[in-house]
Amino acid sequence: MTDSAKANDLLAQLPKGKGPAPVHLWNPDFCGNIDMRIARDGTWFYQGTPIGRKPMVKLFSNIIRRDGDDYFLITPVEKVGITVEDAPFVAVTLDVEGQGESQVLRFTT
């Protein structure tokens, strides 16, 4: 199976619509670690090479889950471990509303 076919198969497993995939409901067997890393600056790497296709990064960011101190990419049938250097998401904007105890900070990742 080609990498493109694998990606299309993965896409087909994800629910359609808005919002993140329900990874909290999926409990597949652990399949091992893969050579995928999220750098401190938010860049995603696969086998040491930055992932340049934004739709792929968006797909992967939709199926990430933290269990304890470890991060995994989860589908209904697979769970693979990845390396996260700091945090899996980088805030790119901050909106501040109100003041004091009623102040709301809204981050866009």
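**Salt bridges in the predicted model**

R65, D67 and K79 are joined in a network of salt bridges, a salt bridge being a side-chain nitrogen of Lys or Arg within 4 Å of a carboxyl oxygen of Asp or Glu. Counted this way, there are six salt bridges. This is a predicted model, in which local features need pLDDT of at least 70 and side-chain atom pairs count only at pLDDT 80 or more, while totals for chains, interfaces and linings use all residues. Residues are numbered from 1 along each chain as its sequence is written, and side-chain values use heavy atoms, with hydrogens and water left out.

Next comes R37, which pairs up with E85 in a salt bridge whose closest N and O atoms sit 2.6 Å apart. R37 belongs to strand 1 (residues 30-38) and E85 to the loop between strand 6 (79-84) and strand 7 (93-97), so this pair ties together parts 48 residues apart in sequence. Strands here are DSSP runs (E, at least two residues), numbered from the N terminus. R37 has a relative accessible area of 27% and is partly exposed; E85, at 35%, is partly exposed as well. For these labels, buried means under 20% relative accessible area, exposed over 50%, and partly exposed in between (1.4 Å probe, protein chains only).

D86 has a salt bridge with R40, with 3.9 Å between the closest N and O atoms. D86 is in the loop between strand 6 and strand 7, and R40 is in the loop between strand 1 and strand 2 (44-46), so the pair links parts 46 residues apart in sequence. D86 and R40 are both exposed.

Then there is E97, bridged to R106 with the closest N and O atoms 2.9 Å apart. E97 is partly exposed at 42% relative accessible area, and R106 is partly exposed, also with 42%.

How values were computed
Helices (H or I, at least four residues) and strands (E, at least two) are DSSP runs, numbered from the N terminus.
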